[in-house]
2 protein chains.
Amino acid sequence: MDQFQYIKKGQRVLGTTSLALRNEMLEAIASELESSVKEIEEANNKDLLKAQQENLELPLQKRLLFNSKKIASSVEGIRQVAALADPIGKVKERRLLDTGLLLERVDVPIGTIGMIFESRPDALVQIISLALKSGNGIVVKGGSEALQTNTTLVEIIRRALQDFSVGSDWIVHLTSREDVRNMLELDHIIDLLIPRGSNEFVRYIMENTHIPVLGHADGICAMYIDKEADVKMAVEVATDAKCQYPAVCNAIETLLVHFSVAKEFIPAFKESTKKWNVVIHGDNETQKLITCIPTTEEDWKKEYLDYEINIKVVASAEEAIDHIARYGSGHTDAIITNNKETAQLFLQEVDSADVFVNCSTRFADGFRFGLGAEVGISTQKIHARGPVGLEGLVTSKWILTGEGHTVTSYEEGERHYLHTNLPIEGKSMMEGSLS
Amino acid sequence: MDQFQYIKKGQRVLGTTSLALRNEMLEAIASELESSVKEIEEANNKDLLKAQQENLELPLQKRLLFNSKKIASSVEGIRQVAALADPIGKVKERRLLDTGLLLERVDVPIGTIGMIFESRPDALVQIISLALKSGNGIVVKGGSEALQTNTTLVEIIRRALQDFSVGSDWIVHLTSREDVRNMLELDHIIDLLIPRGSNEFVRYIMENTHIPVLGHADGICAMYIDKEADVKMAVEVATDAKCQYPAVCNAIETLLVHFSVAKEFIPAFKESTKKWNVVIHGDNETQKLITCIPTTEEDWKKEYLDYEINIKVVASAEEAIDHIARYGSGHTDAIITNNKETAQLFLQEVDSADVFVNCSTRFADGFRFGLGAEVGISTQKIHARGPVGLEGLVTSKWILTGEGHTVTSYEEGERHYLHTNLPIEGKSMMEGSLS
């Protein structure tokens with residue numbers, strides 16, 4: 001495919017630029033977007049009109065809107081990315097293998113990131129900024145509903161970069177549905193795919209490509225209320241975890257309640273969530289305590305993404321941990337307890353990206369974690385897990401410099417390795433510390 | 001499949017054991033193997049006899065041999081693994097999100113590792129030790145040629161572990177060819193696959209599974225001799241990189257030589273490697289300097305794994321870098337130069353797992369790098385890259401402990417995040433530092 005002809009070379013140039021230059025490029029994009037509000041709004045209006053004509057669902061239409069307020073917020077986002085520390089160039093290990101033979105492991109861009117997302121035009125601006133900051137090439141495919149807006153945004157970004165010798169060859173904008181299928185085959189070009197959208201959409205991507213995927217399909221999160229829980233705290237935290245914003249992956253879908261606090265906790269939780277009319281599915285024991293819908297086996301596997309929840313009464317922390325191992329999606333699970341040993345058991349045995357004690361699952365988020373930016377939340381165990389910041393767009397490279405060292409002189413000669421670990425401060429040999 | 005019934009629970013128990021206990025288990029395995037030499041040799045003799053009867057290729061027969069000397073070396077290997085630092089439990093980030101709300105990112109076992117390899121029985125012992133050390137479950141499938149030996153080894157290992165309450169449920173030994181195909185589908189059980197064997201074998205695995213794969217298919221490594229190279233050093237290092245042991249992935253397949261040193265370097269290289277009768281494929285310029293086979297387009301993509309090499313004369317470092325980008329496999333590439341700027345350009349622009357200056361590509365190896373153990377060499381960009389030690393069997397988990405903290409109190413209330421980074425020394429909250 002011709003459109004990919006220059007991306008690798010473009011990325012190679014971008015990947016070796018200084019932090020100062022990458023930040024200058026980010027600022028150029030921010031300014032150009034600021035002075036192109038009218039142009040963006042015109043394009044966005046075309047998308048909105050088409051969406052109305054085609055009776056697109058209202059929430060989708062809402063997400064499609066990219067007005068001056070949203071543009072300003074995107075521009076603010078770019079400036080925040082510029083303010084972040086450099087994600088590349090950091091030395092992670094430094095070891096003197098022998099006199100004159102110095103090894104370093106250095107953080108470098110992954111290469112090319114593929115991002116596929118539905119409607120939201122702000123996602124396009126955000127991922128291009130993050131790719132630029134981390135020195136990666138980027139292949140983006142947005143939703144067809146936002147085609148005019150996205151195309152205009154990419155034009156503006158290219159215009160902003162035209163005075164830089166780096167240029168914008170490291171960006172490829174795909175626009176057709178067919179392009180998505182092609183993208184999944186591009187394992188010689190794309191090093192990491194980041195899909196954003198519905199669970200089904202993400203699962204489809206994961207099941208149809210050999211390219212590594214950063215993300216998560218389901219977010220089936222549980223909270224276990226232990227026998228030694230502070231019940232008042234438990235009610236407050238569980239209410240937050242379900243009702244503060246239920247349409248997201250880190251909201252809980254299941255409450256596991258120790259039988260000895262069930263009688264106190266379950267009615268109090270129902271009372272606390274009354275104003276949201278939460279639909280409660282309860283097991284046999286729960287049904288004895290409150291009016292609710294009897295749970296089915298299928299319920300434990302559902303991500304409601306709504307004011308709806310399962311409650312199960314359990315006999316022990318181990319039973320709760322077993323339930324999570326069986327039905328959870330490895331995203332975020334929490335325990336409420338005042339017993340340190342039980343908390344530790346839960347922290348050790350629950351195999352999820354995020355495991356919390358005495359706080360809401362809703363904290364599972366890159367910004368709340370203080371990562372500066374959020375590339376996504378991953379339930380994969382490989383590469384990056386949980387909320388992922390810019391470090392998710394980075395890999396490492398081993399650098400070894402010698403003075404003519406040969407393996408022969410060690411294995412057939414008399415030389416011996418020193419293997420002395422050195423401090424990792426300072427620039428890498430890639431950037432001027434080469435002696 | 002029934003044989004996988006207990007592995008996850010077995011791993012969950014193993015994953016929470018102390019370093020001391022895991023090391024005790026390793027020592028128990030080492031001792032049991034030491035006192036079972038006869039039993040192992042008997043089983044191995046059956047495999048060897050069958051291999052002879054079936055006229056298995058001689059190198060394969062040689063790799064199959066597992067006599068008392070090789071057993072002793074395997075036992076020594078287990079004790080070396082026991083001596084290594086604990087790969088799990090380390091705190092990688094620690095951040096106070098707010099008063100009483102403490103975040104940690106902690107290294108934990110990945111879960112279950114799937115290892116598929118051809119003949120060598122020592123690989124089975126090694127990977128089981130590494131899995132045990134890192135708290136991972138392990139599914140192993142060895143070569144059918146080594147069936148008796150491998151089965152006996154697994155029996156002995158289970159016997160060694162029977163007095164430990166952890167047991168050996170975390171090990172699953174697969175024996176049939178059909179099992180391999182099944183293994184590739186087990187993405188709900190196996191978190192990471194490590195295939196060892198021929199390039200074709202590894203490529204087959206990579207192309208037929210959605211499970212992440214740690215490893216590499218081709219090792220097409222190049223060395224560039226710059227115009228500012230010390231030619232004597234270049235000849236010595238290039239000779240080492242090709243001839244010290246050509247049957248391995250980190251030996252070079254291609255020499256890229258700057259035209260201004262070609263006349264001096266190429267004939268000297270030919271002279272230096274004469275005793276190994278190295279077959280040289282040369283481009284037009286090389287053919288003017290020495291007698292050699294004219295290169296074809298296909299040659300640049302070949303991993304000879306033998307005393308055979310391509311030589312190309314190039315006009316610049318950039319041309320060498322372009323050649324590597326086009327034909328290399330992202331494994332290990334080196335430059336010989338006394339010019340710092342050229343070395344830095346090469347270090348920055350060559351996108352390979354290992355990029356070396358003035359030393360042999362043969363140093364690309366976990367032991368030579370001082371990693372203590374080598375799980376494999378990865379040309380993937382995700383998770384682990386280059387020579388991978390025990391840290392390749394580890395992922396991380398986010399742990400957050402609060403005192404009833406809710407997101408509501410930040411987003412609809414008056415609380416603000418502190419996001420104070422704390423020192424990462426000391427045990428994690430998973431292991432007793434919970435307050």
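This is a predicted model: local features need pLDDT of at least 70, side-chain atom pairs count only at pLDDT 80 or more; totals for chains, interfaces and linings use all residues.
**Chain A as a whole**

Begin by selecting chain A. Its secondary structure comprises 15 helices and 17 strands. Taken along the principal axes, the C-alpha atoms of chain A fill a box of roughly 75 × 70 × 35 Å. Of the 435 residues in chain A, 52% are buried. If one considers contacts in chain A between residues at least 6 apart in sequence, 72% of these join residues at least 24 apart.

**The contact between the chains**

Next, display both chains and select the residues where they meet. Chain A contributes 64 residues to the contact, and chain B contributes 64 residues. On the side of chain A that touches chain B, the elements supplying at least two residues each include helix H1 (7–14), helix H10 (231–243), helix H14 (340–349), strand E13 (354–359) and strand E16 (394–405). The most is given by E16(A), with 11 residues. Coloured by class, this side of chain A shows 27 nonpolar, 20 polar and 17 charged residues.

Now select E13(A) together with strand E16 (residues 394–405) of chain B. These two strands run parallel and are joined by five bridges. Within this pairing, A:Val355 has B:Ile399 as its bridge partner.

The strands belong to an open sheet of 11 strands with mixed pairing, in the order E10(A)-E9(A)-E11(A)-E8(A)-E7(A)-E12(A)-E13(A)-E16(B)-E2(B)-E1(B)-E17(B). The edges are formed by E10 of chain A and strand E17 (420–421) of chain B; each has a single partner strand, so one side of each is left without a neighbour in the sheet. H14(A) packs on this sheet, where it touches strand E7 (221–225), strand E12 (332–336) and E13 of chain A as well as E16 of chain B. The direction of H14(A) makes about 160° with that of E13(A).

Move to the chain A end of the sheet and select strand E9 (residues 279–282). Four bridges connect E9(A) in parallel to strand E11 (residues 308–314) of chain A. Here A:Val279 stands opposite A:Glu308, and A:Ile280 has A:Ile309 as its bridge partner. E9(A) also pairs with strand E10 (residues 293–294) of chain A, in the parallel sense, over two bridges. In that pairing the bridge partner of A:His281 is A:Ile293.

On the chain A side, E1(A) and E2(A) run antiparallel and are joined by six bridges. A:Val91 is paired there with A:Val106.

**The nonpolar core**

Select A:Val257 and B:Val257, the residues with the most contacts inside the largest nonpolar core, which has 247 residues. Leaving aside neighbours within four places in sequence, A:Val257 is in contact with residues including A:Ile225, A:Phe265, A:Ile311 and A:Val313.

**A last stop at B:Ile399**

Finally, centre the view on B:Ile399, in strand E16 of chain B. Why does B:Ile399 count as buried? The reason is that B:Ile399 has 24 C-beta neighbours inside 10 Å, and the cut-off for a buried residue is 20 or more. Beyond its neighbours within four places in sequence, B:Ile399 is in contact with A:Leu347 and A:Val355 from chain A, and its contacts in chain B include B:Glu104, B:Val106 and B:Met429. For a sense of scale, select B:Ala268: it is 131 residues from B:Ile399 in sequence and 60 Å away in space, C-alpha to C-alpha.

Methods: Residues are numbered from 1 along each chain as its sequence is written. Chains are lettered from A and ligands numbered from 1 in the order in which they are written. Two residues are in contact if their C-beta atoms, placed from the backbone, lie within 7 Å. Ala, Val, Leu, Ile, Met, Phe, Trp, Tyr, Cys and Pro count as nonpolar, Asp, Glu, Lys and Arg as charged, and the others, Gly among them, as polar. Two strands pair if DSSP finds at least two bridges between them. A residue is buried if 20 or more other C-beta atoms lie within 10 Å of its own, exposed if 12 or fewer, and partly exposed in between; C-beta atoms are placed from the backbone. A nonpolar core is a set of buried Ala, Val, Leu, Ile, Met, Phe, Trp, Tyr and Cys residues joined through C-beta atoms within 7 Å. Axes are lines fitted to C-alpha atoms, for helices over the stretch in contact, and angles run from 0 to 180 degrees between N-to-C directions.
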